[in-house]
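This briefing describes the fold of a single protein chain for computational work.

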Amino acid sequence: MSKMFSRIAMNRSIVLLLFSLTFLEHGMLFQRVSSLGINYGQVGDNLPPPDKVLQLLSSLHINKTRIYDTNPQVLTSFANSNIELFVTVENEMLPSLVDPQQALQWVTTRIKPYFPATKIGGIAVGNELYTDDDSSLIGYLVPAMMSIHGALVQTGLDKYIQVSTPNSLSVLQESYPPSAGCFRPQVASVMTQLLSFLRSTKSPFWINAYPYFAYKDSPAKIPLDYVLFNPNPGMVDPYTKYHYDNMLYAQVDAVIFAMARLGFKDIEVGVSETGWPSKGDGDEVGATVANAAVYNKNLLRRQLQGEGTPLRPNMRLDVYLFALFNEDLKPGPTSERNYGLYQPDETMAYNVGLLSSSSPSSTSSTSSQSTTSSTNSVISLTSSASTAIKKGKERFICWTCVYLLAIHMIIRRPY
């Protein structure tokens, strides 16, 4: 009788273990998808209203988006949805928000009325302050971040909302090879203050990283496949011996090395913007529909796999794709108005496999050129996810066979 109960208990344990393996597979798949966000810019006069944007994002199963202000229409429209917002304090507001009382007023009027119905997970204080173009606001950045965080503490929101700032890669003096990464001397002292704040609040260091710019500037020296995540020999860092098969991961690791040189080795790095333009001026080499489709398609595949960089292979890299829409009022070269996956009428600028589950129009292309150029590079994220699930099931079946065989051998053992 005791032998029978032992076998029953053992069988129950094995069943529980098998259930645990099943949930682990599905949990990992969800985690992979949750590392992807998309930037929702609004510099256009023909964009759909926020409620339509919410429908589009929901149909694409994207659960994180970043906006460049605290637009009350967006915050209201996204209430009671499953989409987390990363909102922004505009650069020009930083001087006033250094004052703790002004920061408290900003939080109580721009954030608190909408939370928690609207999932606000982060506040970007400014955008690309550490650039060569305008250094007048740099001194206000960290004090403003501290005041906003203090206001979140006062309102009890600091447990839910992180405070950080997106940085341009121009903060780096060196980025190649990645192990040589270091900050420009002009920003090193202020960068130390920023990193100290991020460490104390357990917030990530965000970068806007565009391999496209590097390729555009040196198309003869930088292999296109390397920047597009296509199969290629890649490069090996001569000091660390890490192998890099794409430029984005090399750029991220260069930032990690730069932080380490200042004594900060434990801060997470995320990509707040990355993308590829589908159209450009004559001197904007590589700005094509085909390249944009390949870059974003390959990046999305990497996100589904939950990859980390060679320096941090076990740490999932959070990425916000730029951008959701083409924005016709953005200044600058033609490329600036053509980073969107979608046209303002919600049709695809090109297809990277983000197949809408509810919007028929989103599966159409805006022109025969877009259709032709992207045909060979179309993948379905749904299919990719299905493939991941299929592989998970195969692993599950394999392990089930192993355990069943083990059970069979245990049962047949003489006692």
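Which residue in S2 does Asn39 stand opposite? Asn39 faces Arg66 there. The model is a predicted one, in which local features require pLDDT of at least 70 and side-chain atom pairs pLDDT 80 or more, while totals for chains, interfaces and linings use all residues. Residue numbers start from 1 along each chain as its sequence is written, and side-chain values rest on heavy atoms, with hydrogens and water left out.

**Overall make-up**

- The protein chain contains 13 helices and 13 strands; these are DSSP runs numbered from the N terminus, helices being H or I of at least four residues and strands E of at least two.
- The chain exposes about 19400 Å², of which carbon and sulfur atoms supply 57%; areas follow the Shrake-Rupley method with a 1.4 Å probe, and for residues only the protein chains shown count as cover.
- Among contacts with a separation of 6 or more, 71% link residues 24 or more positions apart (contact: heavy atoms within 4.5 Å).

**The nine-stranded sheet**

- Nine strands form an open sheet in the order S5-S4-S3-S2-S1-S13-S12-S9-S6, with parallel pairing (two strands pair if DSSP finds at least two bridges between them).
- Strand S5 (162–164) and strand S6 (166–168) are at the edges with a single partner strand each, so one side of each lacks a neighbour in the sheet.
- On average, neighbouring strands of this sheet are turned by 25° against each other, direction ignored.
- Strands S3 (residues 84–89) and S4 (residues 120–125) are joined in the parallel sense by five bridges, and Phe86 has Gly122 in S4 as its bridge partner.
- Strand S1 (residues 36–39) is covered on both faces, with Leu36 and Ile38 buried on one side and Gly37 and Asn39 buried on the other.
- S1 runs parallel to S13, to which three bridges join it; Leu36 has Val319 as its bridge partner in S13.
- S1 also pairs in the parallel sense with strand S2 (residues 64–66), over two bridges.

- Helix H10 (residues 247–261) lies across S9 and strand S12 (269–274), at about 135° to S12.

**Nonpolar core**

- The largest nonpolar core has 107 residues, and Ile123, Tyr130, Phe183 and Phe205 have the most contacts inside it (a core is a set of buried Ala, Val, Leu, Ile, Met, Phe, Trp, Tyr and Cys residues joined through side-chain atoms within 4.5 Å).
- H10 gives the most to this core, with ten residues.

**Two buried loop residues**

- Gly181 lies in the loop between strand S7 (172–174) and strand S8 (182–183) and is buried at 0% relative accessibility.
- Beyond its neighbours within four places in sequence, Gly181 contacts Glu174, Ala254, Phe257, Ala258 and Arg261.
- Thr347, in the loop between strand S13 (319–321) and helix H12 (368–375), is buried with a relative accessible area of 11%.

Technical notes:
Axes are lines fitted to C-alpha atoms, for helices over the stretch in contact, and angles run from 0 to 180 degrees between N-to-C directions. Buried means under 20% relative accessible area, exposed over 50%, partly exposed in between (1.4 Å probe, protein chains only).
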